[in-house]
Structure formats: structure tokens, C-alpha cells
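I opened this notebook to record what I looked up in one protein model. The sequence and structure are placed below for reference.

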Amino acid sequence: MTKPIALAIDFKKYTPQVVKTGLFLAQRVYSESPLVFFHVIEQFFTPPAYLLPYLNIEKERLEKALNELVDPMCPSNIAVEKKILLGEFWLALKNFLEEIDPEVVVLGYEPHVFKIPTAEKILERLEINFLVVKERALEKIEKILCPIDFSEKSLSALKKAFFIAKKTEAEIKAFYVITPLELGDKSCDSFYFLEKEKEIKEKWERLIEELKPSGINFSFETLCGNRLDEIVRKMEEEKPDLLILGRRGKVLKIGIGSVSKALLKISKIPVYLVN
């Protein structure tokens, strides 16, 4: 059975971008997937019995709001489901996502200076694929940027990039960032860089031989410097429609890596965070 695309609806700033992105994915990338719009009523403890009638009234109000948001926007050829989750927040969310097993969860994310947004906590805690949107909805994919470090998650990200490029005829720009020998050094020793570059290119050639994508326009290059800085520079230079990367690198075992987390905060374009 085709996995659904889950859209997290919080009725806040980026909800329109989440909806537009979901519609684009259903029409251009995952054409056989149903859309599942869901909202979790934010309660972080089990409410006393006397509050349940009020919560049910709130649930009915949100169901109506969700219908009014979704129904005018969704064409008849896309299968749509809507769900309001009621219960302890994390348990209700976890159980729901385990039940539907989505291909990806589309999530709006607005960084906050003084507190950790709920969206960031969701991204940290749940080990699934997320497509994170902010000001810009994903409504076209002509160029994909995909930084890799040859970790398990980044190779999954590369496979995802190949899949999406095949569906959309997008160009893929993949690259690896070589870290300088000295942490404070902004430049690479030329001998070290050449030796490392040779090693990385051999890895890449073996990887491509294994994956054997056909009919995809893609390129690969090695860069040198601070990984976050180089990815941001590459984004500014290439102006991609989508950034695809792994949740974390080789060291961290759970959660989101520091570079991935920083890019979520910085990026103005949608970020596909691959598990």
C-alpha cells in the first residue's frame, strides 16, 4: 500500500505553505499517496474528567476549521483524510504517526529566540522523514541541493534526491565538504585537500556504481571549509528549490545533527530531512 503524505496543521503562520506543499507532492512526486491533514490539540497532561466535554467542543470547532481550510483547496482526484488528535500530546502524535506510517510529514517551522518551538521538539523526537517549510512553499522542483558525508542518513538523503529528481526532472547538485586540518583555519592545506579529494571521489564513484541512477541530471563536487558555512554559501550560489539532507551525521545516534538543525533555522527554502 502507498504510504500517505501527512500534513501537520497548526493553524498558524505557515499553514498555507504546508497545504500548498502537500498538494504539490501529491500531484508531482507521490501521485498515488493520499493526503492526511492532522492537528494535535496541545495538551501535555491527561485532563481531569470534568474538562473532557470542553475538549470535545474544541475538537468539533477544530474539525470544522480544518474542513473549511482543506476542502476548497483539494482537487477531487486527490484522496484526502482529516484527523483531530485528542489526548496527551506526545503519545497521541506518536501513536497516530505509527498507525499511518507516512512517507513524509510536512511541517511548518518558525524558529524562536527565547524558547524551543513545538515543531523543533517534534523534529528532534520523531525518527521519520520531514519536509520542513517556512516562508516559501514547495511548488516547483527544478534544482535540488544535497550535501553528503557518506553516513547512513546522508546516503538515504541522496537516494531520496534521486527519487524526487526522477519524478520532477530536477537537477541534483551533490557535494562533500572537507574540513580543514586546523579547526580555526578557514582554508585547506593544498596537499591535504588533494589527497582527501581523491579519496572522496573514489567513494563517490563506487557509490554511483551501486546506485546506478539513469536519466538524472546530477553533478558532484568537493568543497573545503566549515561544513555549515559551505552549505549556506552553496545555497546562495545555486539558489535551489529544495535542500535534501540526512537527519544527522556519523557520530550522533538520535535526534538531529547540529548542522542539520542550524540549516533548519537558517534556510528560507524547504528542507527535506531524511531519516
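**Basis.** I worked from a predicted model, in which local features need pLDDT of at least 70 and side-chain atom pairs count only at pLDDT 80 or more, while totals for chains, interfaces and linings use all residues. Residues are numbered from 1 along each chain as its sequence is written, and side-chain values use heavy atoms, with hydrogens and water left out.

**Whole chain.** I noted eight helices and 10 strands in the protein chain; these are DSSP runs numbered from the N terminus, helices being H or I of at least four residues and strands E of at least two. I read the spans of the C-alpha trace along its principal axes as about 70 × 40 × 30 Å.

I found 51% of the 275 residues buried, where buried means under 20% relative accessible area, exposed over 50% and partly exposed in between (1.4 Å probe, protein chains only). Of the contacts between residues at least 6 apart in sequence, 79% join residues at least 24 apart, a contact being heavy atoms within 4.5 Å.

**Strand E10.** I looked up the neighbours of E10 (residues 271–274). Strand E9 (residues 242–246) runs parallel to E10 and is joined to it by four bridges, with Leu 243 opposite Val 271. Strand E5 (residues 130–133) pairs with E10 in the antiparallel sense over three bridges, and Leu 131 stands opposite Tyr 272. Strands pair if DSSP finds at least two bridges between them. Val 271 and Leu 273 point one way, Tyr 272 and Val 274 the other, and all are buried.

**Strand E1.** I recorded a parallel pairing of E1 with E2 (residues 35–40) over four bridges, in which Ile 5 stands opposite Leu 35. In E1 (residues 5–8), Ile 5 and Leu 7 point one way and Ala 6 and Ala 8 the other, all of them buried.

**Positive phi.** Most residues other than glycine have a negative phi. I noted Phe 11, whose phi is near 60°, in the loop between E1 and helix H1 (15–29); Phe 11 is partly exposed at 31% relative accessible area. Glu 169 also has a positive phi, of about 60°, and lies in the loop between helix H5 (152–168) and strand E7 (171–178). Glu 169 counts as exposed, at 74% relative accessibility.
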